[in-house]
Amino acid sequence: MWGGRFAEGPAAIMREINASIPFDKALWRQDIAASKAHVAMLGACGIVSGEDAVAIERGLDSVAAEYEADGVPENWDLEDIHMTTESRLAELIGPVAGRLHTARSRNDQVATDFRLWVRDAIDAVDAGLSALQRALVTRAGEHADSIMPGFTHLQAAQPVTLGHHLMAYYEMIRRDRSRFQAARARLNESPLGSAALAGTGFPIDREMTAQALGFDRATANSLDAVSDRDFALDYLQAAVQCALHLSRLAEELILWASQPFGFVRLPDSLSTGSSIMPQKKNPDAAELVRGHAGRIVGCATALTVTMKGLPLAYSKDMQDDKPPVFEAASLLALSIAAMTGMIADAEFRTDRMRQAAELGYATATDLADWLVREAGLPFREAHHVTGAAVRLAEEKGVALDALSLDELQAIDARIGEGVYKALSVEASVAARASHGGTAPDQVRRRVADARTALEMD
Ligand code: ARG
């Protein structure tokens, strides 16, 4: 494609290091779409004849049909998807194919293709996250009343409901979706027509191609347009944050599925066995979601570091932008699908959760709150009295509400019979009815709101 200037061909190693076709063939659909939009515009603006434009568009359709049927051929001599397509087009329709590359460069071409690809990836992620939210909301609705220990420092802290815990992840995914949408909105400008770096002397219509490709407008600065990969970084950063949430959820499922916790049985279909230990059922899918998050962080780091020292405009380093984005996208899609399956089909062992909530003195705060409310103690004093009650219960090896009224009154005479109502785990969660709190009614309200929001997806 550029042989005119050269006396000899590239060394084997040059061909190999230069070739991006092994990975950028994934852009073929976007490349064909952008080329068709470009040549239709060239025809409409009289830069190529209407007849040639039609011949090229039909030829591009034939190339696309071949790719669809047989895959994209991988010839390193043709470097990338752009040259591969143009060269096949020339084989099919002859020298008129050479008119396609008028008023464009591979620099604006690849920037356009890649934006289109990332836009599709964002739409796919959004659909996946919507399905995950549905699974979370369904299970949260089933478990608005199921009591489990809430933790801080992974120590039993206060009872919460499983529904509330699951809805915490609904909120995280809601923010993830909005981050992806913000990335999509910023991405949606067309670089096509920026040409190599400076724009073009041909009387092109950039708004026409922008519209044809579903962009909101054409980019405003040709230098920026061909050297900008913010859209890919925005995508990766949103992916990192999302993967981080999935990883935290995975970590909890792994912990909960362990025998000492025993809070959940993960679906057989998303677990594996051991080749030596017959009793084993391992939460491999969750572990891989946790592992993939690390790799996604690596992808974001890779592109960040690739971009950080590049002068304007295009440098070949930017060819390395695609592998980390492709890798992150497939890891994220898998992680979302695996997590959706695990949440949908997990068997939550609410009996075990409830038992665990009753151990560990998780209602101690309720005793302190009762002393403040009913006996008029300052909170700090109530905290101290409650601490003494916990110490006594611990010495005796019993739950707080198993202490007799005499024993409690020996610690503080102001404690009365009514305290026992406050010490049950049900009373504890029901009391936390502040906006966003764990009380079953609050959880049901949030689940209903979430269902309404998801209906609009
Ligand atoms: N294959 C290149 C890439 O993926 C696009 C071509 C731009 N090449 C160039 N020499 N200007 O970035």
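**Entry 1: α7 and α10**

I started with a helix pair and found that α7 and α10 are roughly antiparallel to each other, because angles over 145 degrees get that label, with under 35 as roughly parallel, 65 to 115 as roughly perpendicular and the rest as oblique. Helix α7 covers residues 162–187 and helix α10 covers residues 230–257; they pack at an angle of about 170 degrees, with their axes 8 Å apart. For my own reference, axes are lines fitted to C-alpha atoms, for helices over the stretch in contact, and angles run from 0 to 180 degrees between N-to-C directions. α7 passes α10 in a left-handed crossing. I note that left-handed means the near helix is turned anticlockwise from the far one by less than a right angle, and right-handed means clockwise. The residues of the contact of α7 with α10 divide into 15 nonpolar, three polar and six charged. In that count Ala, Val, Leu, Ile, Met, Phe, Trp, Tyr, Cys and Pro are nonpolar, Asp, Glu, Lys and Arg are charged, and the others, Gly among them, are polar.

**Entry 2: what I am looking at**

A reminder to myself: this is a predicted model, where local features need pLDDT of at least 70, side-chain atom pairs count only at pLDDT 80 or more, and totals for chains, interfaces and linings use all residues. Residues are numbered from 1 along each chain as its sequence is written, and side-chain values use heavy atoms, with hydrogens and water left out.

**Entry 3: the whole chain**

I looked up the secondary structure and found 19 helices and six strands in the protein. Helices (H or I, at least four residues) and strands (E, at least two) are DSSP runs, numbered from the N terminus. The radius of gyration is 30 Å, well over the 23 Å that the globule rule gives for 457 residues, so the protein is more spread out than a compact globule. That radius is taken over C-alpha atoms, and the rule is 2.2 Å times the number of residues to the power 0.38. Along its principal axes the C-alpha trace spans about 100 × 50 × 40 Å.

**Entry 4: the annotated domains**

I then checked the UniProt record, an unreviewed entry, which places "domain: Fumarate lyase N-terminal" at residues 5–298. That span is 62% helix and 6% strand, and its end C-alpha atoms lie 39 Å apart. The record also puts "domain: Argininosuccinate lyase C-terminal" at residues 361–430. Here I read 69% helix and 0% strand, with the end C-alpha atoms 17 Å apart. UniProt positions are in the numbering used here, feature names are shortened, and annotations may be inferred rather than shown by experiment.

**Entry 5: α3 and its partners**

Helix α3 (residues 28–44) packs with helix α6 (residues 106–142) at an angle of about 125 degrees, their axes 9 Å apart. That makes α3 oblique to α6, and the crossing is right-handed. Gln30, Asp31, Ala34 and Ser35 in α3 meet Gln109, Thr112, Asp113, Leu116, Trp117 and Asp120 in α6, where contact means heavy atoms within 4.5 Å. By class I have three nonpolar, four polar and three charged residues there.

Next I turned to helix α5 (residues 81–93), whose axis comes within 10 Å of that of α3 and crosses at roughly 60 degrees. This crossing of α3 and α5 is right-handed. Trp28, Asp31 and Ile32 in α3 meet Ile81, His82 and Thr85 in α5. The contact of α3 with α5 has three nonpolar, two polar and one charged residues.

I found a cis peptide bond joining Leu312 and Ala313, with omega about 0 degrees. Ala313 lies in the loop between α11 (284–307) and α12 (322–345). Leu154 has a positive phi, near 55 degrees, in a residue other than glycine. Leu154 sits in the loop between β1 (147–152) and β2 (155–161).
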